[in-house]
Every structure is written in C-alpha cells, then in structure tokens.
Amino acid sequence: MLQVLLTVSLIAGYCEQVMGFHERMLVENLLEHYHPGLRPVVENSSQPTSVNISLRLVQIFEMDVKKQVIITSVWLKQAWYDPVLRWDKSQYGWIDEISLSPDDVWVPDTVLLNNAETSKMGKPVGMSNPLLVTSHGTVRWLAPIILKSSCKLSVRYFPFDEQFCRLKFVSWTYSKSGLLLEPEETEILQNYTESGEWYLEKVYALRSTSKATHTNTENKSAVTYVIHIRRKVFYYFVYLITPCMVTSFMTLILFTLPPESGERMVVGITILLSLTVFYLLASTHIPETSEVVCH
C-alpha cells in the first residue's frame with residue numbers, strides 16, 4: 001500500500017512539472033512577438049474592438065449627501081477577443097486557460113467617468129488584477145473593486161426619498177470607432193448584501209455615449225449602470241417623525257387648559273424645551289444641503 005501511494009505521489013509530481021514546463025513555454029511563445037500597445041483586431045483595423053462589460057453589485061457602503069458621493073463594492077468583468085492570444089492545446093499539454101498580467105497584454109483603458117476619488121482619476125479600473133486567457137483567444141478581466149462615484153442626490157422628500165445613482169464606464173482614449181463597450185447580461189444582484197439604510201429597488205444597464213473631448217472630436221462608447229435605491233423609513237419614523245407628532249399633540253393640549261391654571265405655563269415651557277431638544281436631535285439626522293428644504 002505504501003509503495004502504491006509513493007508511486008502515485010511521484011507520478012503527480014512529475015505531471016505538475018510537465019504542466020509547469022508547458023505553461024511556461026506557452027506564455028513565452030504568446031508574448032514573444034506580442035505588442036501590448038496594439039488593440040486586438042479581428043478582421044481589419046477599421047472595425048472597433050468589442051468589449052463586453054458586466055457588473056455585480058456587492059454592497060452599498062456609504063451615501064454622503066453633503067459631498068454628493070456614493071461608495072459601492074462591485075465585481076467588474078470585462079471580456080474581449082484577442083486573436084493573437086490563441087494556441088493549439090495539443091501542443092502545450094492540453095492547457096486550456098492561463099493567467100497573464102495586464103502589463104503584458106493589451107487591456108481596455110476603461111475608467112469610471114464620474115469617479116470621485118482623486119487618486120484614481122483617469123486610471124483604468126482593476127489594473128492590479130490578472131487576466132484569464134483561453135486557448136480560443138477569449139480574455140476575461142475580473143476585478144473586485146470599491147467605487148467612489150459622484151451622484152446627484154435629491155432630499156426634497158426626506159426621509160421618503162429615492163435616489164438614482166449612475167456608474168458610467170467609458171474608454172479614456174479610444175473613440176467608439178476604436179473600442180465599443182457592450183453591456184453583458186448577468187445576475188447583477190446575485191452577490192448583493194442588503195444595506196441597513198437603503199432598499200435596493202433595481203439595477204440596470206444602459207448603452208450610452210460620452211461627449212467628445214478636446215483631444216478627440218468623436219464620441220466615445222459608454223455603459224451606464226443605474227442604481228435605484230429607496231431610504232428605509234423606520235429609523236427616522238421612530239426618532240424624528242414620532243417625537244414631532246407627540247410634540248404637536250402636546251401643543252394642542254396646551255390650548256385646552258384654562259388660563260387661570262398654573263399648569264398651563266409649566267406645560268408651555270416643557271413643550272418649548274422639548275422642541276429645542278427635538279431640533280438638536282433632528283439636525284444630526286437631516287441631510288446637510290441648501291438646495292432644498294426637507295419637508
């Protein structure tokens with residue numbers, strides 16, 4: 001029995017060495033004449049490179065009304081076809097998939113256009129994550145990232161407000177004649193973790209375009225993900241709405257007391273102190289904005 005186990009372990013170790021040798025040779029042959037600065041061309045250079053993009057929302061971390069910023073955790077996937085990164089599996093130990101660094105091959109310079117984080121402004125998303133390449137030339141780029149994006153928030157009907165925040169992805173340098181972003185059908189909410197402050201109503205993708213810049217007169221292809229959320233009201237009902245209703249009811253009781261009653265002055269002062277405490281409490285919960293006054 002011991003000899004059988006020893007033989008199996010030796011065979012397994014030998015197979016791993018052979019596979020490692022084939023994979024090393026495969027990577028060297030693929031990258032020997034590869035130019036990472038040239039975008040993949042399927043038929044001719046006049047056709048754009050198609051990049052399928054998909055997003056999975058994991059969690060909504062924070063919504064800053066004062067700064068007009070939303071922070072989300074997402075899984076971003078980009079996939080495209082590179083005819084240069086193809087190989088015959090039979091010549092490399094039947095290896096069907098390898099991992100490559102984004103520094104060694106061409107990758108789309110997809111950026112979050114409404115990015116609110118200055119350190120990542122203009123930088124492609126997911127540059128620290130490796131690529132997965134199949135023998136057919138399909139390249140997949142998976143990146144779990146934290147996005148800090150600008151979002152125009154309206155608190156006119158606070159705390160019964162709804163927000164529509166957008167994540168707009170666009171190529172930083174390529175126009176739509178060079179790179180075409182296409183939204184891919186996927187389960188966007190498959191890995192979503194419920195927020196304690198917001199109900200997630202819906203997330204959907206839209207094909208859109210980005211306006212031309214001073215360096216490029218042609219519009220750019222873009223994919224926009226719209227996050228529709230609604231604020232959970234129970235917390236604000238307990239700490240804001242209920243105290244306001246009780247104070248208003250006490251004010252009505254004040255007018256039912258006779259003028260000669262000494263308790264009328266006591267109740268009036270009590271209500272005034274209650275209003276003062278209520279406004280101090282409410283000021284810590286009401287969003288800080290001068291655009292609208294919360295009802």
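**Strand pairing and overall architecture**

Strand β2 runs antiparallel to strand β6 (residues 138–150), and 13 bridges join the two; strands are counted as paired if DSSP finds at least two bridges between them. Within this pairing, Ala79 has Arg140 of β6 as its bridge partner. The structure is a predicted model, in which local features need pLDDT of at least 70 and side-chain atom pairs count only at pLDDT 80 or more, while totals for chains, interfaces and linings use all residues. Residues are numbered from 1 along each chain as its sequence is written, and side-chain values use heavy atoms, with hydrogens and water left out.

Strand β2 (residues 69–81) also pairs with strand β1 (residues 49–64), in the antiparallel sense and over twelve bridges. Four residues lie between the strands of the β1 and β2 hairpin, in which Gln68 takes a positive phi near 60°. Strand β2 is mostly covered, with ten of its 13 residues buried (under 20% relative accessible area, using a 1.4 Å probe and protein chains only).

The protein contains three helices and ten strands, taken as DSSP runs (H or I, at least four residues, for helices; E, at least two, for strands) and numbered from the N terminus. Their order along the sequence is α-β-β-β-β-β-β-β-β-β-β-α-α. Of the 295 residues, 37% count as buried. The accessible surface, from the Shrake-Rupley method with a 1.4 Å probe, comes to about 17700 Å², and 60% of this belongs to carbon and sulfur atoms. Among contacts (heavy atoms within 4.5 Å) between residues at least 6 apart in sequence, 74% join residues at least 24 apart.

How values were computed
Buried means under 20% relative accessible area, exposed over 50%, partly exposed in between (1.4 Å probe, protein chains only).
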